[in-house]
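Let's take a walk through this protein, one piece at a time.

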Amino acid sequence: MRSHFLATLAAAVPAVLAQAAAGDWDASYESADAAVAKLSLSDKIQIVTGIGWNAGGPCVGNTAAVSSIGYPQLCLQDSPLGVRYGTSVTAFTPGIQAGATWDRTLIKQRGQYIGEEAKGCGVHVMLGPAPGGLGKIPNGGRNWEGFGADPYLQGVATEETVAGFVAAGVQPTVKHYIVNEQELNRETMSSNVDDRTLHELYLWPFASAVHANVASIMCSYNKINGTWACENDRVLNQIAKEELGFRGYVMTDWNAQHTTVESAVAGLDMTMPGSDYDGGSVWWGPALQQAVSSGSMSQDRVDDMVRRVLTSWYYYGQDQGYPPINIDASVQADHKDNVRAVARDGIVLLKNDDAVLPLQKPGKIALVGSAAAAGNHASNNCADRGCNEGALGMGWGSGTADYPYFVSPEDAITTRAQADGTQVSTAASDSPGSVGSVLSGADVAIVFITADSGEGYITVENNVGDRISLDPWHGGNELVAAVADAADNVIVVVHSVGPVVLESVLSNPSVKAVVWAGLPSQENGNALVDVLYGDVSPSGKLPYTIAKAEADYGTKVVQGNDDYSEGLFIDYRHFDAEEIEPRYEFGFGLSYTTFDYADLAIDGAPTSGPATGDIIPGGRADLWETVATAMATITNSGEVAGAEVAQLYVGFPESAGTPPRQLRGFSKLPLEAGASDTATFALRRRDLSIWDVAAQEWVVPAGEFNVTVGASSRDLRLAATLTVA
């Protein structure tokens, strides 16, 4: 009896210790270190080497189980918006729609719900969030997977998403690291970027992810300054692991490894899926074992790889009672409520002349355009959403999930219209010649136009991932013109992965409103009805700039290597520096009410000079400390309830050589009519620093900082000066 008790206790003690390690990097590291001591070299290599593409594992990435330490077959699964290939999961809104809400609470909830569904399916590692690329090229195929064309907005959204995953106990993977801004030639090109630009723009959201305790970083396909991202000592070892204090592991994008020893020494910790797509090019596995046996690779480095993988496993508490892998598990719960909320609150009202919106029980509504009705895209009839037929909810590629259902605009508007006694006629066609009959007698005509993009392994209507142009697809300009010629009150609804040039659309006097509905996923129509009918006042703000002409952005998809000659000046930073007037600026969005701004005050100021704190996850500790607080009073001066996103921008001293203004804070305030509240912006040392290339440190420059607060990057209502000595 006593021996049985001791044996049971001995078996239980490691589990208890491991459970205590969850949420604590140091304790998790100790648990991992103890586990590594029990492993053979063969076991260690199994943990860091995928079993191969389509080699029998249930997930898109799999490693073999190691029974001696109770380590399971690890399941790594797409995507950043839900469990790819799941049969009873939620298709959450894409990242770009979440970014357009500017709502920290909704974004964190979205991350937690994605994590909960992944855990319910037994997925250990989710391949998201995806804040890289940053969206410096408006045509970039996968921009919609991230949160917007600003590093601060991306950073906040990434940090909140990772926090949601932490709460759910599922390992998030932040990707694609780094400067992976286009699909064309992504597996061969070199992104040649200077150190300051790399830090101040592209590294920013990854640092936020590390600070939020992300489990893994996925290195990208491209080269960085001539060296493959997945064997780049500068970005993996020196920046991620040393400068940012990253405690987790670096994995490859799928088949992004090119060497055995070089990649290991440079900081790679896990290879996925372990082979190329034909089962060849196995760079680790037996090759890594041979490298250790021959002395060309140290076992200490292998131990470090394994320790990092296991540390994240322990940190996320996955060693205790984790569900078995079952991608077909039913895990949706009430998560559709978050989809609808994010889809709705990410809608941006761009134009609303004559108060044509919200709708007030019109006698007849005409719906025009193929995107009004569910088609092949919404019906999951195109692999990985690789078509733009009918209503649109997300882009295409590995960053997608199947829709469990799809509410089209026609579905939702018809349901609402029936309750109001409104007649609805639909021409679900993009042919201008098909619109005449449905417009007869209509009080309002709603035209749906789209623009799509995705990952480069799928070509859609001649778009090989990246968009060919920023025009609406399917002759959208001509369709709008045809409707506007025959109707007086035209509302244009845009479902798009990113910016679309709207000059042709806006040239029609009958176009009274433009509703930027983005990518709303499965709750497309319901979210739209919430805003069109005024059940909720629109509160989304643009997470990128909409230009008057494509050339105004100053960046484009390139054929060969990309030298990042624009430096710090992308999106609104470029427009502001070059004094280019956008059509709709970054951060813009109308409401059904109005908001007044008053009483900007700033308390505190940092001292100039470099950050000097200890290295913690995310970089030097003092970078994350609040050094000043700005406050402003926001009042709903209109007649209906609404929510305002107050935005804070910082102009650095002239000596800093920065763009004219940069987003460094935002606060979304729901306000009843006539109510006021205080928008509070905590400015961290990081927010007021620039990267000093010579010192290799973040430095706060001395001088006068211009702090402005307003409703967008150009509608700046309040200003104050922050003096740094």
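UniProt positions are given here in the numbering used for this chain, with feature names shortened, and annotations may be inferred rather than shown by experiment. With that in mind, an unreviewed UniProt entry lists residues 644-713 as "domain: Fibronectin type III-like". That stretch is 60% strand and 0% helix, where strands are DSSP runs of E with at least two residues and helices are runs of H or I with at least four, numbered from the N terminus.

A quick word on the ground rules. This is a predicted model, where local features need pLDDT of at least 70 and side-chain atom pairs count only at pLDDT 80 or more, while totals for chains, interfaces and linings use all residues. Residues are numbered from 1 along each chain as its sequence is written, and side-chain values use heavy atoms, leaving out hydrogens and water.

Now for the cysteines. Calling a pair of cysteine sulfur atoms within 2.5 Å a disulfide, the count is three. One of them joins C59 and C75, with sulfur atoms 2.0 Å apart. C59 sits in the loop between α3 and β1, while C75 is in strand β2, 16 residues apart.
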